[in-house]
Amino acid sequence: MTRHTPSLSFEVFPPNPAAGNEKIVKALREMQDIAPHFISVTASNNKFNIEETTVRLADFIYNDLRIPTIAHLPAVYLTKEMVSTILHALDKVGVHNILALRGDIFPDAAPKNDFKYATDLIEYIKEEAPHFDIIGACYPEGHPNSPDCVSDIKNLKKKVDAGCSSLVTQLFFDNERFYNFQEKCVLAGIDVPIHAGIMPVLNRNQALRLLKTCENIELPRKFRAILDKYEHDPESLRSAGLAYAIDQIVDLVTQDVAGIHLYTMNNAATAHHIYQATHTFFAK
Ligand code: FAD
């Protein structure tokens with residue numbers, strides 16, 4: 001019985017401003033014919049000016065490509081005044097969807113005091129600019145700062161109650177962990193759509209980076225076997241990484257996931273490959 005047609009959306013990141021936007025603009029133009037449900041644009045937490053990077057790219061996606069756009073906004077290093085300026089810049093280009101984030105805290109940079117948690121940012125946006133739609137981040141395997149999963153889910157409930165219309169997950173490779181998380185959300189009364197974040201692993205460097213930065217993520221035996229076997233065979237690693245992501249997506253859509261959010265790593269060929277293999281599942 002089909003109850004629900006999921007959405008397909010993409011994440012891209014703005015390049016280092018010194019490198020220019022040429023490559024990402026080309027990649028986005030190549031993704032345009034897929035007509036994703038939305039494209040979200042990440043934001044630097046501490047390094048680059050958000051208006052010059054995220055807002056500029058969001059403007060291009062929304063106004064030139066005519067694709068609904070979500071701007072990420074990590075706020076722990078921003079003041080209320082800085083957030084208001086960014087909201088104003090987004091307003092000006094017509095982008096009214098924000099993925100409201102705390103952002104990571106770095107040991108060598110003291111946070112500003114206005115936004116301790118994503119929830120503080122959501123409350124602020126709701127007050128300052130209630131016409132914005134707000135999306136939140138969530139962690140099927142628990143946020144690394146959380147002492148336990150109960151407090152993590154309780155904090156997520158507070159975040160959703162503050163005004164999130166949907167959630168996007170951190171990437172994961174074990175669907176069972178996502179299903180367990182979804183169940184906990186239902187039990188906690190978190191009833192907004194949850195978009196599953198899927199990242200196809202295409203090369204060894206990406207895999208090594210992942211292993212280093214996502215220590216809270218379980219790598220299933222099947223996934224580790226791919227990394228081990230094809231460590232020095234880039235072509236096979238790419239094929240197996242794509243096949244693994246497609247397999248995850250097939251399982252998720254048959255279990256009625258609200259949406260698949262593909263971490264594209266700005267790679268249009270990856271987006272097309274996944275789309276070709278799965279397009280019949282998604283809402284047009
Ligand atoms: P929060 O929701 O504030 O949670 C952070 C921690 O605080 C959790 O452990 C939570 O349980 C706890 N907590 C929350 N509320 C409370 C409370 N009221 N009391 C006590 N504890 C509380 N980072 C970027 O810099 N740029 C990006 O573009 C970006 N995009 C992302 C997109 C997605 C889909 C995801 C999943 C993450 C993204 N991140 C990004 C990473 C994110 O900024 C980090 O994971 C950050 O550490 C947490 O941000 P958050 O908004 O989830 O935090």
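## Around the ligand

Helix α5 gives the largest share of the shell around the ligand, four residues. (Helices are DSSP runs of H or I with at least four residues, strands are E runs of at least two, and both are numbered from the N terminus.) This is a predicted model, where local features need pLDDT of at least 70 and side-chain atom pairs count only at pLDDT 80 or more, while totals for chains, interfaces and linings use all residues. Residues are numbered from 1 along each chain as its sequence is written, and side-chain values use heavy atoms, leaving out hydrogens and water.

In total, 26 residues surround the ligand, with Ala43, Arg102, Asp104, Tyr139 and Lys159 the closest; being near takes a heavy atom within 4 Å. At least two shell residues each come from β3 (69-74), β4 (97-101), β5 (133-138), α5 (149-163) and β6 (166-169). By class, the shell splits into 11 nonpolar, 10 polar and five charged residues, with Gly counted as polar and Tyr as nonpolar.

## Polar contacts and cover

## The barrel behind it

Eight parallel-paired strands close into a barrel, running β1-β2-β3-β4-β5-β6-β7-β8; pairing takes at least two DSSP bridges. Neighbouring strands are turned by 30° against each other on average, direction ignored. β5 and β6 pair over four bridges, in the parallel sense, and alanine 137 sits opposite valine 168 of β6.

Helix α4 (residues 118-128) packs on the sheet and touches β3, β4 and β5, its direction making about 145° with that of β4. Contact here means heavy atoms within 4.5 Å, and angles run from 0 to 180 degrees between N-to-C directions of axes fitted to C-alpha atoms, for helices over the stretch in contact. Back to α5: this helix touches β5 and β6, and its direction makes about 175° with that of β5.
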